[in-house]
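Hi,

Here is the structure I promised to pass on.

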Amino acid sequence: MTISRREVIKAGLAAGAAISVPSVLRAQTSPADSRTIRMVTGLASVFDPVVSTSTETIDHAFAIYDTLFAPDSQSTPQPQMVGEWGVSDDKKTYTFKLRDGLGWHDGTPVTASDCVGSIRRWGQTSSGQLLMQRAREISKKDEKTFTIALKEPLGLLINLLAATSGQPLFIMREKDANSPATEQVTANIGSGPFKFNQALAKPGASFTYDRNEQYVPRKEAPDGFAGGKIVKVDHVIREDISDQQTALAALQAGEVDFISQPPPDFYSTIESDPNLALQVMDKGGQAMLARMNCLHKPFDNVKARQAILHLVNQEEYLSVLAPDPKYGRTITSIFGTNTPYSNDENTGWFKKGGDPERARQLFKEAGYAGGKVVVLQTTDWPAGSNASELLAAALRKIGVNAELAPSDWAGLVARRANKESIENGGWSIFITTSSDYTFSDPIGNPILLANGDQGWYGWAKNDEYEALRAKWADVETLDERKALARKMQKVMWDDVGFVFLGQYASPIARRKTLTGLIGVPDYNPMWNMQKT
């Protein structure tokens with residue numbers, strides 16, 4: 001029997017030791033290997049970024065599709081596929097001309113009709129609804145030019161087209177964009193810097209992305225999601241290695257180059273290895289939250305949702321999510337911690353250690369009578385899995401009949417879309433994360449919507465909040481927006497569409513031979529990376 005370097009290192013990790021493999025025993029990197037990067041990440045189960053908001057789906061979309069605009073590292077929208085654009089004097093008509101060199105992976109050119117169809121389809125998502133409400137007409141002018149005519153001025157238009165929170169606008173072929181927004185596009189043919197290698201696809205195990213040799217990047221330097229998307233390798237292979245010790249052993253052995261979310265328990269091992277490094281890509285960090293299903297008992301009653309707000313002890317979650325305090329902090333504002341709109345309005349509920357007795361009383365006032373509360377638990381995301389267990393245990397302590405429903409992330413993504421009761425495959429609570437910066441965008445971030453059936457999973461509905469949110473696009477000054485943010489937060493924390501569990505920075509782990517990673521919130525862009 002042949003024992004791999006990975007298995008030797010994994011055995012050492014299981015014993016609590018960090019194995020140092022002599023350099024002469026490490027795999028020799030061939031020229032071909034230096035042109036291939038292997039990343040341990042989650043894998044998309046849905047390939048269509050209109051159908052799913054999962055990080056894995058959006059990562060996939062950033063690889064194979066392109067966008068009209070993109071935010072730079074300062075969150076300022078910059079042209080991407082667009083070469084020239086302008087707006088009429090009355091601010092109601094925008095004209096866009098595509099830059100030269102854009103082509104689909106099937107060899108056909110990108111046209112204005114593709115853009116028009118993609119905008120209309122994306123306009124059916126929560127991120128695109130505002131544009132479609134304000135649009136009078138979206139039409140092709142010539143093969144490379146299209147216009148968006150508005151009923152009234154919309155100063156945020158370019159920001160909407162560039163936004164990466166929620167569901168970014170990716171441009172698809174017209175024939176794909178003509179598909180209903182509720183039906184998944186599976187062709188995987190884009191115009192982006194990578195091509196999806198369908199022949200090598202192993203769902204649940206690995207996906208391979210090949211450099212698109214025909215892609216023409218912008219001339220500007222990479223800057224956030226903007227600038228030139230220059231691919232410096234031939235292949236990127238994204239692998240799903242669910243066993244964390246196996247993944248770290250593979251990284252130490254040089255069999256993979258990158259791990260997206262190493263568990264905190266492994267940080268010291270990684271930092272002590274001279275060939276590995278931890279790197280925080282999203283400086284603002286991730287806010288973890290519990291999303292309740294507002295359609296069914298008990299969380300169709302606001303008192304039950306308020307109970308979760310009082311039940312959560314954020315310090316308890318942070319002790320697991322970020323044992324090193326430098327990586328974690330509490331969060332109380334629906335507008336995040338480091339955004340211009342973060343505020344302390346209506347945050348008196350926050351209490352160190354939580355308030356389980358208040359939570360128990362609120363469940364009683366909600367009429368809770370022992371019904372099952374199903375907490376979805378993802379088994380291939382350790383942080384989310386641990387948080388689900390903590391929340392279920394806290395619910396049981398106050399007499400709630402909480403039950404965990406374990407599955408991989410793909411299973412959770414599928415189940416959270418089910419609006420039926422628990423008896424028919426529904427759910428009560430699931431846990432997810434979103435980057436701190438996304439909470440500055442109540443138009444694009446679906447978590448900050450409360451428009452019922454038209455909104456995000458959980459389907460929170462509050463007309464007063466939505467009336468305030470509708471004003472966001474028309475507020476002109478920062479001070480006015482800050483004042484509006486306080487009003488919105490007051491209503492949200494009374495209604496409780498979701499509950500924060502804590503905020504933490506989760507560094508990636510990489511081999512030091514992997515350089516050029518672009519640090520952006522939420523996602524892992526694959527352009528600009530290289531191996532030395």
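Below is what I found, by topic.

This is a predicted model, so to speak of local features pLDDT must be at least 70 and side-chain atom pairs count only at pLDDT 80 or more, while totals for chains, interfaces and linings use all residues. Residues are numbered from 1 along each chain as its sequence is written, and side-chain values use heavy atoms, with hydrogens and water left out.

Among the buried residues of H15 are Arg481, Leu484, Met488 and Trp493 (buried means under 20% relative accessible area, with a 1.4 Å probe and protein chains only). The buried residues of H15 pack against helix H9 (302-311), helix H14 (463-469) and strand S18 (498-504), where contact means heavy atoms within 4.5 Å. After H15 comes valine 496, with a positive phi near 60 degrees.

There is also an open sheet of 7 strands with mixed pairing, in the order S8-S9-S10-S1-S11-S19-S12 (two strands pair if DSSP finds at least two bridges between them). Its edge strands are S8 (194-196) and S12 (276-279). Strands S11 and S19 pair antiparallel over 2 bridges, and phenylalanine 258 stands opposite arginine 510 in S19.

Best wishes

Methods: Buried < 20%, exposed > 50% of the residue type's maximum accessible area, 1.4 Å probe, protein only. Helix = DSSP H or I, 4+ residues; strand = E, 2+ residues; numbered from the N terminus.
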